[in-house]
Amino acid sequence: MNGEYRMVIDGSYGEGGGQVLRSTLTLATLTGRTVRVERIRAGRRNPGLRHQHLTAARAAAAVCGARLEGDELGSHTLSFTPDGPARPGDYTFDVSEAAQGGSAGSVGLVLQTVLLPLVLVEGESRLTLRGGTHVRWAPSVFYLEHVFLPVLARMGVRAQIKLERWGFYPAGGGEAQVRIIGRGKALSPIKLVERGELQRVEGTAAVTNLPAHIPQRMADHAINTLAQKGIRSRVEPRRLRGAGPGAGIFLFAEYATSSPRETIAAGFTAYGRKGLPAERVAEAVCEDLLKHHCSGAPVDPYLVDQLVLPMALAATDRPRPIESWAITSQVSQHLLTNLWVARQFLTCELEVEGEVGRPGVLRMGKGEHD
């Protein structure tokens, strides 16, 4: 199948970030198609491949023996030619190697590039991921552990992630260990159309190489802010050592579902920076959580765009389109961009109902949800 198809993907399409590249790499690995991505991140302040994008490309190439062209920092064009399906095994992907030094490039985004190819082949894989574990504009290791992977487990994905060392922006230096049990068959469809009562809100306010009063203030202010809205929460303050200073607060809201044995979680993050009071950081994360909570939707705006590829793949290679639904508290341009990439590779019915910035529905296949 290798090289049978050559596709050209516009890396500047829609939201125009690294997600176009990462989803393209995932789908090229799964379909065996040769692909060239042009104008990578063309509209961004620092266009072209950055270290985390380069690491993701090399990770995808490693798991399927692909040939890469243009894989260097700053490159605006990348060609990817798979040499076969993904190969389960032990892999180490270090973002700092691509950056030629310490880096907080997101290890979560690297994982998302290779996760589905390794899930859909039979066999066990173990990944060591080094770089940024908690980075702006990317799913943290906590988010992957508490929100993303539990939802994928309902689709048949068996994967676990464990945080070994924290790595905040800009120094990085973090590490996560991942275990993936490949299923060797298609994913199951999923319907996320309702949620029940709020079961709990928990989280962590953490810093590396900063005074202990900062995480305590973030935790206390978040607890008090949510209490004013009638929501009880538990937030643990943590002071840790790391490669450099960093601060962030991570909250998870867990809701009941129609199944007595299942819940669904939503995750929210805010990061500190020099000159920004700890209380302001806590207010930001609480504002995001409360907006989602008041919407009544089961799927947060960060999870829904990450579900595009799993839901699309659950509808692929079947006699007829199979329905999956996800109702989200907010449609984003990121979601629409990821949907566009999936449509370039897969023959299945994908739709988003709703306007950007408002609640909406991600749907795969025909029909009405109950």
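P170 sits in the loop between strands β7 (158-165) and β8 (174-183), where helices (H or I, at least four residues) and strands (E, at least two) are DSSP runs numbered from the N terminus. The peptide bond that leads from Y169 into P170 is cis, with omega near 5°. Most peptide bonds are trans, and most residues other than glycine have a negative phi.

Before I go on, please keep in mind that this is a predicted model, in which local features need pLDDT of at least 70 and side-chain atom pairs count only at pLDDT 80 or more, while totals for chains, interfaces and linings use all residues. Residues are numbered from 1 along each chain as its sequence is written, and side-chain values use heavy atoms, with hydrogens and water left out.

Let me stay with the loops for a moment. W137, in the loop between β6 (122-131) and α5, has a phi near 65°, a positive value in a residue other than glycine. Is W137 buried or exposed? With a relative accessible area of 84%, W137 is exposed, given that buried means under 20% relative accessible area, exposed over 50%, and partly exposed in between (1.4 Å probe, protein chains only). N209, which is found in the loop between β10 (198-208) and α6 (213-227), also is not a glycine and has a positive phi of about 60°, and its relative accessibility of 35% makes N209 partly exposed.

Now to the aromatic rings. A pair of aromatic rings is described by the distance of the centres and the angle of the planes. Here, rings of Phe, Tyr and Trp (its six-membered ring) pair if their centres lie within 6.5 Å, and planes under 30 degrees apart count as stacked, over 60 as edge-to-face and the rest as tilted. By this rule the count comes to 9 aromatic pairs. Y91 and F93 are a stacked pair, because their ring centres are 5.7 Å apart and their planes are at 15°. Y91 is buried at 14% relative accessibility, and F93 is buried at 8%. F142 and F250, by contrast, are edge-to-face, at 5.6 Å centre to centre and with 85° between the planes. This pair links distant parts of the chain, since F142 belongs to helix α5 (residues 141-153) and F250 to strand β12 (residues 246-256), 108 residues apart. F142 is buried at 10% relative accessible area, F250 is buried at 0%, and together with W166, F168 and Y271 they form one aromatic cluster.

Next come two helices. Helix α4 (residues 107-119) has 13 residues and reaches 18 Å from its first C-alpha to its last, close to the 18 Å expected at 1.5 Å a residue, the expected span being 1.5 Å times one less than the number of residues. A kink of about 30° lies at T113 in α4, shortly before the proline P117, where the bend at a residue is the angle between axes fitted to the seven residues ending there and the seven starting there. Because 13 of the 13 residues of α4 are buried, this helix is largely enclosed by the rest of the structure. Helix α5 has a kink of about 30° as well, at V147, shortly before P150.

Finally, the cysteines. How many disulfides does the structure hold? There are 0, counting a disulfide as a pair of cysteine sulfur atoms within 2.5 Å. C286 is in no disulfide, and the nearest cysteine sulfur, that of C294, is 12 Å away. C286 is buried, with a relative accessible area of 0%.
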